[in-house]
Amino acid sequence: MSQQHPVALDRHLEEQASRAGRSSKSNSSLERMLVILDLFSEEVPIWSVEAMCDALGYTRSTAYRYTKELTEAGLLFQVEPRRYGLGSRIIQWDRQLRLTDPLVKATREIEPELDVFDGEQIWIVCRLFNDQVICVHSHGHLKEPVSYARGTPRPLFMGATSKIILAYLPARQHMRLFLEHQNEVVKGSLGSSWEEFKDVLQTIRRQGYSESHGEVDPNLFGLAAPIFDGNGKVVASLSCVRPQTSYREDQAEKQRQVIMTLANRLTEKLTQLISS
């Protein structure tokens, strides 16, 4: 493992140490086995059994048993002796989600209504999974490098895409997130105290959209609106990301109304698909 992105690996191992600490408190061997899958990332796609033991604190016999079971289930693939990558079943599941996920299907149905602004633009739909925002669909193209692609996790406290989802979460969840992530809240310009954090989120919620400039990707600005399920619970967001040079203050309010209208259309489509 020492030959694979040492800095990224060190950071990854540090993150996994915390995850392993939480996992070790559980009596569930299934949870302890599945946490192995969280080790794999774009930076470190191949893991040896020894490195798994180092990262998660498992004995070698335990790690071998878990990797054997995960490989037999198709969740891991042995690329060479004692070294593993993610398996074929994950690829199959991703294809199934692309074809059957109601949110993705709803987005494809309204794609002809997108591309409403002049110039380059990319439209992104991101879904909330517990406390994590994940990009599930994108449409369009930008010349500028953009970090939004299917399967990419977004920072929860940074960028319009995530902030609009964050604003519509329940108040009790806001309190927990603030207590657990105060540094990220400050970095995301969401306030340095609980009262400031609460006020910023209430402002975003009242206006019905979120806007950010260069927070996630430099030279780009984003405009986002929330998507809800049939019970009025926020589940995702629709965002349009464009070059900062395309921003026009005199057009901003009209464009905010457009994206809120399109997000409402997605909410309607999603509700129809789920209930049908």
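Predicted model: local features only at pLDDT ≥ 70, side-chain atom pairs only at ≥ 80, totals over all residues.

Student: Is C240 buried or exposed?

Tutor: The cut-off for buried is under 20% relative accessible area. C240 has a relative accessible area of 2%, so C240 is buried.

Student: Which residues is C240 in contact with, leaving aside its neighbours within four places in sequence?

Tutor: The list is F117, Q121, I122, W123, F221, G222, L223 and I259. Take F221 as an example of how sequence and space are compared: C240 and F221 are 19 residues apart along the chain, and their C-alpha atoms are separated by 8.4 Å.

Student: What would a pair look like that is apart in space as well?

Tutor: Take R265 and V186. They are 79 residues apart in sequence, and C-alpha to C-alpha they are 33 Å apart in space.

Student: Where is R265 found, and which residues does R265 touch?

Tutor: R265 is found in helix α11 (residues 249-275). Not counting residues up to four places away in sequence, R265 touches I110 and E113. Its relative accessibility is 26%, so R265 counts as partly exposed.

Student: How do I describe two helices that pack together?

Tutor: Two packed helices are described by the angle between their axes and the distance between the axes. The axes of helix α6 (residues 102-110) and α11 come within 9 Å and cross at roughly 130°.

Student: Which residues make the contact of α6 with α11?

Tutor: From α6 come P102, L103, K105, A106, T107, E109 and I110. From α11 come L262, R265, L266, K269, L270, L273 and I274. By class, the residues of this contact divide into 9 nonpolar, 1 polar and 4 charged.

Student: Which residues of α8 and α10 meet?

Tutor: A171, H174, M175 and F178 in α8 meet W194, F197 and L201 in α10. The residues of that contact divide into 6 nonpolar, 1 polar and no charged.

Student: And a third pair, for practice?

Tutor: Look at helix α3 (residues 49-56) and helix α4 (residues 60-72). Their axes come within 9 Å and cross at roughly 115°. α3 passes α4 in a right-handed crossing. On the α3 side the contact uses V49, E50, M52 and C53, which meet R60, A63, Y64 and T67 in α4. The residues of the contact of α3 with α4 divide into 5 nonpolar, 1 polar and 2 charged.

Student: What should I look for in the backbone of the loops?

Tutor: S189 has phi near 60°, a positive value in a residue other than glycine. S189 lies in the loop between α9 (182-187) and α10. At 58% relative accessibility, S189 counts as exposed. N219 is another case, with a positive phi near 70°, and N219 is likewise not glycine. N219 is in the loop between β7 (210-213) and β8 (220-228).

Student: How many helices and strands are there in the protein chain?

Tutor: The protein chain has 11 helices and 9 strands. Along its principal axes, the C-alpha trace spans about 65 × 40 × 40 Å.

Student: How does the radius of gyration of the protein chain agree with that of a compact globule?

Tutor: For 276 residues, a compact globule would have a radius of gyration near 19 Å. The protein chain has 21 Å, which agrees.

Student: What share of the residues is buried, and what share of the contacts joins residues 24 or more positions apart?

Tutor: Buried residues make up 43% of the 276 residues. Among contacts with a separation of 6 or more, residues 24 or more positions apart account for 56%.

Terms used. Residues numbered from 1 in each chain as written. Heavy atoms only, no water. Contact = heavy atoms within 4.5 Å. Helix = DSSP H or I, 4+ residues; strand = E, 2+ residues; numbered from the N terminus. Nonpolar A, V, L, I, M, F, W, Y, C, P; charged D, E, K, R; others polar. Rg over C-alpha atoms; globule rule 2.2 N^0.38 Å. Buried < 20%, exposed > 50% of the residue type's maximum accessible area, 1.4 Å probe, protein only. Axes fitted to C-alpha atoms, helices over the stretch in contact; angles between N-to-C directions. Left-handed = near helix turned anticlockwise from the far one by under 90°.
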